[in-house]
Amino acid sequence: MLDLVKGIDAADRYPVDVEALIIDYSRNVWPGDPVLEIVSEELEGFEGALVPVREKGGWLIISNSAARDGRRRFTVAHEVGHYLLHRHLLPPDGIRCKADSVGRAAGQDIEKEADEFAATLLMPSHDLRRQIDPKAKPTLDELGALADRYGVSLTAAVLRWLRHTERRSVMVVSTEGFALWGRSSEAAFKTGRYFKTSGEPLEIPATSGAAQPHLVDECRAGIAHPAGVWFDEEVEEFTVHAAAFDQAITLLHLGEARPRWSMPVEEVEPDVVDRFASLKRIR
Ligand SMILES: [Zn+2]
């Protein structure tokens, strides 16, 4: 619809102005139950919220004011997803979404659906494929340009790209030498290349760029690692150290490999729950 209204190549097609869009759209389609206002506030422990405003007959969307613009845009789009898909299912005081259930497409049920909605609205598949070929091996700089186009965080753009690529690639977010969470492309997951981050703290390799913040240029240009560093195979690593968050975002490109089907189901972690779903489909 936005392609039709704006034009597929219009200069103002991206980033999507989610706030103006939902205010306008909901007023027209559900005049008795619209999104009335979108505000940014301090939200202790939460990233976003969708709250009914009974006296006015409508809804309020709140995003965490501590987050950066790209992250806030995704959060608002996630709450718009709740408004469109779930507002009739919510408890009387609405819904508050925790930081780790917004943006990682790893939450359960309605959180996962709201994330899927947000990612699809902000970074539609047809446009993403025009920007980066599914067979291409982008650097983090190139994925950063994608993040700028869509007005989202780098991690949101990398996650979306991982869903579309035909390559074996893995993202891992770490802090002070330990992995916080990770995500694999489908091709990487099928060959057993993913990180388990929900158990014991997972130490990242000492010789990796992610563990060596001073290697800024090397991390940006790409580091070729032999087998035995990240995985039991050669890996090309790109890492960005986000000093403001004390976090490193790492993208690992692996070579071609045959799928490995013997992965035990109980090893599958929530971080990779959507990959599990695709594995079941193939079986
Ligand atoms: Zn949510």
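1. Asp69 is exposed, at 56% relative accessibility; here exposed stands for over 50% relative accessible area, buried for under 20%, and partly exposed for what lies in between, with a 1.4 Å probe and protein chains only. The side chain of Asp69 meets that of Arg72 in a salt bridge, at 3.5 Å from N to O. A salt bridge requires a side-chain nitrogen of Lys or Arg within 4 Å of a carboxyl oxygen of Asp or Glu. Both residues belong to helix α3 (residues 69-86), and because they are three residues apart, about one helical turn separates them. Arg72 has a relative accessible area of 24% and is therefore partly exposed.

2. On provenance: the model is predicted, and local features need pLDDT of at least 70, side-chain atom pairs count only at pLDDT 80 or more, while totals for chains, interfaces and linings use all residues. Residues are numbered from 1 along each chain as its sequence is written, and side-chain values use heavy atoms, with hydrogens and water left out.

3. Overall content. The protein has 10 helices and 10 strands, taken as DSSP runs (helices H or I, at least four residues; strands E, at least two) and numbered from the N terminus. Of its 283 residues, 51% are buried. The accessible surface is about 14,200 Å², and carbon and sulfur atoms hold 52% of that; areas come from the Shrake-Rupley method with a 1.4 Å probe, and for residues only the protein chains shown count as cover. Where contacts link residues at least 6 apart in sequence, 56% of them join residues at least 24 apart. Contact is defined as heavy atoms within 4.5 Å.

4. The four-stranded sheet. This open sheet runs in the order β1-β3-β2-β4 with mixed pairing, two strands being paired if DSSP finds at least two bridges between them. Its edges are β1 (35-41) and β4 (95-98); each has a single partner strand, so one side of each lacks a neighbour in the sheet. From one strand to the next the twist averages 15°. β2 (residues 46-53) is antiparallel to β4, with four bridges between them, and Gly48 has Cys97 in β4 as its bridge partner.

5. The six-stranded sheet. A further open sheet has the order β7-β6-β5-β10-β9-β8 and antiparallel pairing. The edge strands β7 (202-203) and β8 (223-225) each pair on one side only. Within this sheet, β5 (residues 169-175) and β10 (residues 247-254) are joined antiparallel by six bridges, with Ser169 opposite His253 in β10. Helix α7 (residues 154-164) lies across β5, β6 (178-184), β9 (235-242) and β10, at about 155° to β5. Axes are lines fitted to C-alpha atoms, for helices over the stretch in contact, and angles run from 0 to 180 degrees between N-to-C directions.

6. Which residues does Leu180 contact, leaving aside its neighbours within four places in sequence? They are Val173, Ser174, Thr175, Thr197 and Gln247. Leu180 is in strand β6 and is partly exposed, at 36% relative accessibility. Its C-alpha atom is 8.0 Å from that of Pro201, which is 21 residues away along the chain.

7. The structure contains 15 salt bridges in total. Side chains of opposite charge can pair when their charged atoms come close. Asp9 pairs with Arg130, the closest N and O atoms lying 2.7 Å apart. Asp9 sits in the loop between α1 (2-6) and α2, and Arg130 in helix α5 (residues 125-131), so this pair ties together parts 121 residues apart in sequence. Asp9 is exposed, at 59%, whereas Arg130 is partly exposed, at 46%. A salt-bridge network links Asp9, Asp127, Arg130 and Arg149. Lys6 and Asp12 form another salt bridge, with 3.4 Å between the closest N and O atoms. Lys6 is partly exposed at 39% relative accessible area, and Asp12 is partly exposed at 47%.

8. A nonpolar surface patch is made of Met1, Tyr25 and Val29, which together have about 320 Å² of accessible area. Patches take residues with over 30% relative accessible area and no salt bridge, joining like charges within 9 Å and nonpolar side chains (Val, Leu, Ile, Met, Phe, Trp, Tyr) within 5 Å. Tyr25 lies in helix α2 (residues 18-29) and is partly exposed, with a relative accessible area of 34%.
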